[in-house]
Structure formats: C-alpha cells, structure tokens
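User: Hi! I'm new to reading protein models, and I'd like to go through this one with you step by step.

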Amino acid sequence: MGGIDKIDDPNGGLGSVLGILQRDSLLVMSGLLLIASALVMLISRRMTRSLSALASVTEKIAAGDYRLSLPVIRRGHEVGQLADSFRRMVDEVQEREQALTALTQDLERRARRGAARGLVSALWSVPQSWRRPGSGGRVAAGKSDARDAV
C-alpha cells in the first residue's frame, strides 16, 4: 500500500508538509499580530494619557492658573517635546503677564497722581467771580450761593 500512496500523491508527500508549514506560519503570524496589537494599544494609551494631561493643564492656564503639573514625559518623544515647549511657553506668558500687571499698576498710580494734580489745577482756574466770598477760594455750591457771590 505504501507504493500506491506514492502514486496517488504526485508531490511525493510534499502536500502534507506544505499543509503543516502553512498551519505553522498562520499560527506564528497570528501570534505576531497579537503582540503587535498589544504594543500599539500600549503606545497609544501612553500617548493619549500624556495628551490628556496637557489638555487638562491648558484648561487651567486658560483660567489663569499658571501652576504646572505636567507629567514627566520621556525626552526625544514628540509628546515630550510638546510638553517641554508648553512649559517654556507658559513661563514666557506668565512673565509677560506679570510685566503687564506691573505696568498697569504703575500707569494707574500715575493717572491718580495726574488726576489729583489736574483737579487742583482745574479748581485754581475757576474764575474768581464763581468763588464764594470769604470761603478761602472755594467754589459756590449752588445757585443761591452763586447769586450771593455776585
């Protein structure tokens, strides 16, 4: 019977060997596909977590809170570079905001001083006829006072 099997199989038993190789290749490929899928999920989860943390910090900064609690992200990684750039940007924005606040406060002080000087100057420029007699140069308060002043 062994001779008849060889006659029936034109490849001389090669078909069964190829079937085994196909099955083994399919198992190896399936295993590699599972491993690759697991790696992709792991990497995407890490990137998503990092990007979510950055988005959360941007919301805080938009509300005026400049305290940063960014996650430590590996150097050389694109998300890590983004986090480093983000830190530098926040530092610069905070410095500019502090400078702007200081400038605004200085201008407000100057405006108050200037307004007080302007008020004194305006009061001294009121015509003498509008001032109440015997009041030390104070301006008449009402119509009856103004008539009395004339």
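User: By about how many helical turns are R87 and D84 separated in helix α3?

Analyst: First, a heads-up: this is a predicted model, where local features need pLDDT of at least 70, side-chain atom pairs count only at pLDDT 80 or more, and totals for chains, interfaces and linings use all residues. Residues are numbered from 1 along each chain as its sequence is written, and side-chain values use heavy atoms, with hydrogens and water left out. Helices are DSSP runs of H or I with at least four residues, strands are runs of E with at least two, and both are numbered from the N terminus. R87 and D84 sit 3 residues apart in α3, so the separation is about one helical turn.

User: How far apart are the closest N and O atoms of R87 and D84?

Analyst: A salt bridge needs a side-chain nitrogen of Lys or Arg within 4 Å of a carboxyl oxygen of Asp or Glu. An α-helix has 3.6 residues a turn, so residues three or four places apart point the same way. R87 and D84 do form a salt bridge, and their closest N and O atoms are apart by 3.0 Å.

User: Is R87 buried or exposed, or partly exposed?

Analyst: Buried means under 20% relative accessible area, exposed means over 50%, and partly exposed is in between (1.4 Å probe, protein chains only). R87 has a relative accessible area of 28%, so the label is partly exposed.

User: Which residues are joined with D106 into one salt-bridge network?

Analyst: R109 meets D106 in a salt bridge at 3.7 Å, N to O, and those two lie 3 residues apart in α3. R110 also bridges to D106, with the closest N and O atoms 3.3 Å apart, and that pair is 4 residues apart in the helix. Salt bridges that share partners make one network here, and D106 is joined in it by R109 and R110.

User: How far apart are the end C-alpha atoms of α3?

Analyst: The expected span of a helix is 1.5 Å times one less than its number of residues. For the 47 residues of α3 that should be 69 Å, which agrees with the end C-alpha distance of 68 Å.

User: What is the area of the nonpolar surface patch that includes L39?

Analyst: Patches are made of residues with over 30% relative accessible area and no salt bridge; like charges are joined within 9 Å, and nonpolar side chains (Val, Leu, Ile, Met, Phe, Trp, Tyr) within 5 Å. L39 is in helix α2, and its relative accessibility of 47% makes it partly exposed. The patch is made by V28, M29, L32, I35, L39, L42, I43 and M47, and its area is about 780 Å².

User: How far apart in space are R67 and D91, C-alpha to C-alpha?

Analyst: R67 is in the loop between α2 and α3, and it is exposed, with a relative accessible area of 64%. In sequence, R67 and D91 are 24 residues apart, while in space the C-alpha to C-alpha distance is 9.9 Å.

User: What percentage of the chain's residues are buried?

Analyst: The chain has 4 helices and 0 strands, in the pattern α-α-α-α. Among the buried residues of α3 are G80 and D84. Over the 150 residues of the chain, the buried share is 13%.

Terms used. Areas by Shrake-Rupley, 256 points an atom, 1.4 Å probe, with all protein chains shown as cover.
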